[in-house]
Amino acid sequence: MAKVTKKTTKKEVDLTKKTVAELNAELITTQTDLVEAKRSHAARELVSTVRIKDLRRQVARIKTVL
């Protein structure tokens, strides 16, 4: 039977190499970007709504590593 391994992405590898302080700083920055993207979306200024989805996932990745 073949061994199944989890495929890691570049984003996951980059996050696991960072310190807790760096992760906390990146979390704050990403959350701020997410708030700004949501505000822009509400004002009909955001061109790509996929950005909100990407930022939400990035916040979740950082919190998982923490």
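**The nonpolar core**

Which residues make up the largest nonpolar core? The set consists of 5 residues, namely Leu 15, Leu 23, Leu 27, Val 59 and Ile 62. Two or more of these residues come from each of the elements α2 (20–42) and α3 (50–65). A nonpolar core is here a set of buried Ala, Val, Leu, Ile, Met, Phe, Trp, Tyr and Cys residues joined through side-chain atoms within 4.5 Å.

Leu 15 touches Leu 23, Glu 26, Gln 58, Arg 61, Ile 62 and Val 65, when residues up to four places away in sequence are not counted. A contact requires heavy atoms within 4.5 Å.

**Basis of the model**

The model is predicted: local features need pLDDT of at least 70 and side-chain atom pairs pLDDT 80 or more, while totals for chains, interfaces and linings use all residues. Residues are numbered from 1 along each chain as its sequence is written, and side-chain values use heavy atoms, without hydrogens and water.

**Overall architecture**

The protein chain contains 3 helices and 0 strands, in the order α-α-α from the N terminus. Helices (H or I, at least four residues) and strands (E, at least two) are DSSP runs, numbered from the N terminus. Among contacts with a separation of 6 or more, 59% join residues 24 or more positions apart.

Of the 66 residues, 17% count as buried; buried means under 20% relative accessible area, exposed over 50%, and partly exposed in between (1.4 Å probe, protein chains only).

**Lys 53**

Lys 53 belongs to helix α3. This residue counts as partly exposed because its relative accessibility is 40%. Its C-alpha atom is separated by 9.0 Å from that of Leu 34, 19 residues apart along the chain.
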